[in-house]
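This report asks for a careful look at one protein chain. Please have its sequence and its structure ready before reading on.

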Amino acid sequence: MLRRLAVASLLAALCVPLVRARSIPSDPVDLVMVTRIREEGLKRSQVMETVQELTDVIGPRLTGSPQMKRANEWTRERLAGWGLANAHVESWGPFGRGWSYERSSVTMVSPQVVPLIALPKAWTPGTPGPVRGKAKRVRIGTKSDFDRHKGKLAGLVLFLSAPRTLRAPERPLFNRYSEDDLQSLSHFDVGAAADNDGDEPRRSRRRFQRDLAEFLAAEKALATMEASEREGTLVRVMGGGSRDTEGQPGVPALVMAAEHYNRVLRLIDKKQEVQLELDVKATFHDGDESSSNTFAEIPGTTDEVVMAGAHLDSWHAGTGATDNAAGSAVVMEAVRILKALEVKPRRTIRVALWSGEEQGLLGSRAYVERHFAARSDAEEARRSKEGRRPRGALTIKPEHAKLSAYFNVDNGTGRIRGIYTQQNAAAAPLFEAWLEPLRDLGATTVTNRNTGGTDHLSFDEVGLPGFQFIQDQADYSTRTHHTNLDVYDRLQKEDLMQASVVLASFLYEAAQREERFPRKLLSPSQLGPQPTPTPEPSPDPDADPEPEASPSPSPSPAATPSARTSGARP
């Protein structure tokens with residue numbers, strides 16, 4: 001009984017139940033501050049200078065690579081240079097070895113000489129200079145296929161995937177939400193509300209890829225090729241091999257433009273002998289297996305915090321512009337705007353630039369585990385090396401009660417059109433009020449739907465209010481996402497300026513509201529044994545009584561929280 005009462009008390013402290021959603025009024029919005037944010041963000045924006053440094057100058061930022069470490073340091077320096085406090089890099093890990101590549105050249109040398117477009121998978125080895133081998137199509141879908149290929153693969157370039165079927169495009173390459181699209185999105189999709197666990201299929205694929213890498217290395221295959229998932233000679237490529245210093249990286253593994261891949265397979269099907277020359281220079285970076293996130297703050301007057309974040313890491317085919325230098329630059333620009341306006345927030349405004357997102361939200365989950373809440377099976381999940389998500393009971397840490405809300409930006413270059421509440425119905429009236437003075441910028445929609453795939457989940461899954469914005473797709477899913485076209489030229493300047501203004505407004509409103517942001521309810525089954533609170537010391541009966549404090553003067557109406565005047569110098 002006492003245990004149940006303790007859990008009930010903890011839940012009451014951690015959460016605002018959803019049944020109160022209708023009784024939660026929207027806060028008065030500080031329109032003077034919104035006007036000033038718009039003025040600074042739309043007339044004196046630095047967002048494109050920031051994103052160009054991250055893309056053109058630093059380049060792709062694969063977690064663990066020298067470029068990622070450089071990005072951590074540059075963002076720390078830039079945030080500190082703008083006057084933010086406590087700008088620092090916080091390490092987490094172990095992540096594993098780093099990797100980078102300098103060159104990838106693939107040429108068909110027979111029956112014709114043709115340059116082909118192909119890029120290596122991350123964490124796979126390069127070649128020892130230019131090497132040549134015969135192209136061979138093979139089908140290896142399970143471990144049971146290994147035996148029939150044993151002893152037959154040495155020196156060959158293995159084409160592993162089926163040819164891509166290329167059809168006439170059925171949708172535009174660049175797309176924005178229409179009013180009908182946003183109206184549809186605002187309606188809750190009951191069928192999508194269930195939590196579908198895709199963990200085991202992903203772990204199974206990872207186990208097979210590890211077994212395949214070991215098999216191909218033992219068979220001395222020269223390299224492997226797979227067809228890109230995009231067409232138009234776009235190469236969409238991510239990881240392979242192993243980040244584990246003791247793991248088997250396999251053989252050089254590349255992804256080839258679909259049109260070029262299909263041509264090679266057609267020649268093989270016509271019994272033509274296709275000879276390829278490969279020259280891939282890739283480097284593993286051993287030694288420091290940790291990675292880092294970057295943080296900085298605008299200090300508040302209370303011990304509570306609001307956060308905004310974006311992942312700073314990227315894949316390596318392009319320069320990680322839309323995924324996610326764009327989001328990182330928007331987060332940095334939002335706090336630059338607020339700092340330029342000399343805001344004095346009630347809550348500290350903290351920005352976070354994550355690493356390891358592309359490998360499974362690793363940087364943000366490590367931060368949440370260290371500061372807010374830890375799963376009982378977190379260490380076991382890390383040791384499994386199969387990408388298993390920890391799902392054990394939560395132990396809540398003291399900082400959990402201090403975080404009011406977290407806002408994430410990670411859906412490409414498109415402008416913000418609204419926000420997902422993650423089924424936190426109590427958030428909806430607040431967001432609707434905050435969006436009202438931004439409607440003319442195109443930010444209009446609040447949906448109670450969930451969205452996934454990025455770092456707000458690290459907060460949401462431990463009972464903290466974590467949110468991702470609705471953004472125009474632009475050409476994110478058609479051209480840039482994880483491809484060699486994810487470069488500066490695909491960024492939309494006006495969209496990034498708009499997104500920075502929206503985020504700055506949300507951060508300010510969340511920092512200034514009188515109450516902590518409403519939370520979803522954590523169920524008792526999600527919580528493990530909680531630390532016993534330290535009891536308050538008993539008063540000394542022999543001590544002199546405290547003098548009675550004189551009453552504080554009543555604040556003027558302009559200074560009351562409900563009036564919501566700008567917390568900034570004029």
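## Confidence in the model

The structure is a predicted model. Its mean pLDDT is 89, and 86% of the residues reach 70 or more. Over residues 1-23, however, the pLDDT is below 50; this stretch has 33 contacts in the model beyond near neighbours in sequence. Residues 545-570 also have a pLDDT below 50, with 35 contacts beyond near neighbours in sequence.

In soluble globular proteins, nonpolar side chains tend to be buried together. The largest nonpolar core here holds 68 residues, and the members that touch the most others are Phe407, Phe431, Leu503, Phe506 and Leu507. Helix α15, residues 493-512, gives the largest share of this core, with twelve residues. A second core is separate and has 24 residues, including Val114, Ile268, Leu276 and Leu278.

Phenylalanine 431 can be looked at on its own. Its relative accessibility is 0%, so phenylalanine 431 counts as buried. Apart from neighbours within four places in sequence, phenylalanine 431 is in contact with Phe407, Ile419, Thr421, Val446, Phe467, Phe506 and Phe517.

## One face of helix α10

Which residues of helix α10 (residues 362-371) are buried? They are Gly363, Ser364, Tyr367, Val368 and His371. Seen down the axis of α10, the buried residues fall within an arc of 130°, so they line one face of the helix.

Several elements cover these buried residues of α10. Among them are the strands β1 (85-92), β10 (291-298), β11 (305-311), β12 (348-354) and β13 (373-375), together with helix α13 (456-460).

## Aromatic pairs

A pair of aromatic rings is described by the distance of the centres and the angle of the planes. The model has 27 aromatic pairs. In one of them, the ring centres of tryptophan 354 and phenylalanine 459 are 6.2 Å apart and the planes are at 50°, so this pair is tilted. Tryptophan 354 belongs to strand β12 and phenylalanine 459 to helix α13, so the pair ties together parts that are 105 residues apart in sequence. Both tryptophan 354 and phenylalanine 459 are buried.

Another pair is formed by phenylalanine 431 and tryptophan 434. Their ring centres lie 5.7 Å apart with the planes at 65°, so the pair is edge-to-face. Both residues are in helix α12 (residues 428-435), where phenylalanine 431 and tryptophan 434 are three residues apart, about one turn of the helix. An α-helix has 3.6 residues a turn, so residues three or four places apart point the same way. Tryptophan 434 has a relative accessible area of 2% and is therefore buried. Ring pairs also link Phe407, Phe431, Trp434, Phe467, Phe469, Phe506 and Phe517 into a cluster.

## Arginines over rings

Two arginines each lie over the face of an aromatic ring. Arginine 97 is placed over phenylalanine 284, at 4.2 Å from the ring centre. Arginine 243 is placed over phenylalanine 95, also at 4.2 Å from the ring centre.

## A buried aspartate in a loop

Is aspartate 145 buried or exposed? Its relative accessibility is 15%, and buried means under 20%, so aspartate 145 counts as buried. Aspartate 145 sits in the loop between β5 (131-137) and α5 (146-149). Not counting residues up to four places away in sequence, aspartate 145 touches Arg139 and Ile140.

Definitions and conventions:
Residues numbered from 1 in each chain as written. Predicted model: local features only at pLDDT ≥ 70, side-chain atom pairs only at ≥ 80, totals over all residues. Heavy atoms only, no water. Helix = DSSP H or I, 4+ residues; strand = E, 2+ residues; numbered from the N terminus. Buried < 20%, exposed > 50% of the residue type's maximum accessible area, 1.4 Å probe, protein only. Contact = heavy atoms within 4.5 Å. pLDDT = per-residue confidence, 0-100. Core = buried A, V, L, I, M, F, W, Y, C linked by side-chain atoms within 4.5 Å. Arc of directions from axis to C-beta. Phe/Tyr/Trp six-rings, centres within 6.5 Å; stacked < 30°, edge-to-face > 60°. Lys NZ or Arg CZ within 6 Å of the ring centre and 35° of its normal.
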